Amino acid sequence: MTRNGAAKSAGLLDIESLDRTEIEAILERAHYFQPMESGPFRRQDTLKGKMIVNLFFEASTRTRVSFEIAAKRLGADTVSIAAQQSSVSKGESLVDTLNTLVAMRPNAIVMRHAASGAPRFLARYLPIPIINAGDGTHEHPTQALLDARTILDQRPTLEGLRVAIIGDIAHSRVARSNVHLLSKFGAEIVLCGPPSLLPREFEHLARGVRLTYEMTEAIRKADVIMMLRVQLERQHEAPIPAGEYFAFYGLRLEHLELAKPDVIVMHPGPINRGRELSSEVADSQRSVILNQVENGIAVRMAVLERILAPETMETAA
Ligand code: CP
């Protein structure tokens, strides 16, 4: 059960309402699904006969493809729909579209939508699990889970880690989900960005959060640096020009000197070289950006299994 009382089969809507033990179980199971060295991902038929619909109303490469691969690795069938190809483009409402899909009896719907709260709203009315693949500026739960898995591949625990999250905090569902997750595990979280993209209320989002507008202060002694994309599509004001943004909030090699010697650099992607970080940093030994992408599959396998075949996970524990 989640903290808000929803059954596991209700899907995955956010990190905020998950218990720490449930997060630990998903991360542990994802570890089991991780491939050995450069070997293939495990194949199982745990979800054989299940049908998963991936419904994306916003662009996606990593999340959509990795959910699809994860489902197939577990033996499920999948259908992926982009909004432009759906009848939403002909004026059908979101509820009517979802009811239409549910009438075809899929076992779960993975959904990305530009409106914060859309998956939770639909989950209240639909009889099948909804998995949030990113909703507006609210949450991106599987991203935070794969980020945690990636950190734990490099560090024994999240407890006491200093994690700097830098960039467009205001519009970032990745930042929100990571703050909730890291806070539950006792990490120290420093949020950093230009004042226009770093609302003061983030200080009260969860325990252990601190705000700064100074990049060097955020990075000092950091174990993890998490860079964020500037979400121009969600900004209503004139954006900070790329060069100016990079000068103040772009991560460059010299910044890494301020952090712990074994600091890791993360980014949920898609990355914008020369705006959020330099190519030297993105391609450096400290970057685990592609590890995050790879872990997306193992984590989403664990999430799908937990929702659609929880008895398998419990037997394995
Ligand atoms: N990190 C992430 O959500 O990437 P996509 O938009 O490509 O899915």
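Here is a short chat about the ligand site and the sheet in this predicted model.

Biologist: Which residues surround the ligand?
Modeller: There's a run of A59, S60, T61, R62 and T63, and then R112, H140, Q143, P268 and G269.

Biologist: And by class, how many of the shell residues are nonpolar, polar or charged?
Modeller: The shell has 6 polar residues, along with 2 nonpolar and 2 charged ones.

Biologist: What about the ligand nitrogen, which residue's backbone is 2.8 Å from it?
Modeller: That's P268, through a polar backbone atom.

Biologist: How much of the ligand's accessible area does the protein cover?
Modeller: On its own the ligand has 260 Å² of accessible area, and the protein covers 91% of that.

Biologist: Which pocket is the ligand taking up?
Modeller: The largest pocket.

Biologist: Switching to the sheet: what's the strand order?
Modeller: 1-5-4-2-3, in an open sheet of 5 strands with parallel pairing.

Biologist: Which strands stand at the edges?
Modeller: Strand 1 (11-12) and strand 3 (77-82). Each has a single partner strand, so one side of each has no neighbour in the sheet.

Biologist: And how many bridges pair strand 4 with strand 5?
Modeller: 4 bridges, in the parallel sense, between residues 108-113 and residues 130-135.

Biologist: Which residue in strand 5 does V110 stand opposite?
Modeller: I131.

Key: Residues are numbered from 1 along each chain as its sequence is written. This is a predicted model: local features need pLDDT of at least 70, side-chain atom pairs count only at pLDDT 80 or more; totals for chains, interfaces and linings use all residues. Side-chain values use heavy atoms; hydrogens and water are left out. A residue is near a molecule or strand if one of its heavy atoms lies within 4 Å of it. A polar contact is a pair of N or O atoms within 3.5 Å; within protein, one must be able to donate a hydrogen and the other to accept it, and residues adjacent in sequence count only if both atoms are side-chain atoms. Accessible areas come from the Shrake-Rupley method with a 1.4 Å probe; for residues, only the protein chains shown count as cover. On a 1 Å grid over the protein atoms alone, a cavity is a set of points where a 1.4 Å probe fits but cannot get out, and a pocket is an open set with protein on both sides within 12 Å along at least five of seven lines; lining residues have an atom within 4 Å of a point. A molecule sits in a cavity or pocket if more than half of its atoms lie within 2 Å of its grid points. Ala, Val, Leu, Ile, Met, Phe, Trp, Tyr, Cys and Pro count as nonpolar, Asp, Glu, Lys and Arg as charged, and the others, Gly among them, as polar. Two strands pair if DSSP finds at least two bridges between them. Helices (H or I, at least four residues) and strands (E, at least two) are DSSP runs, numbered from the N terminus.
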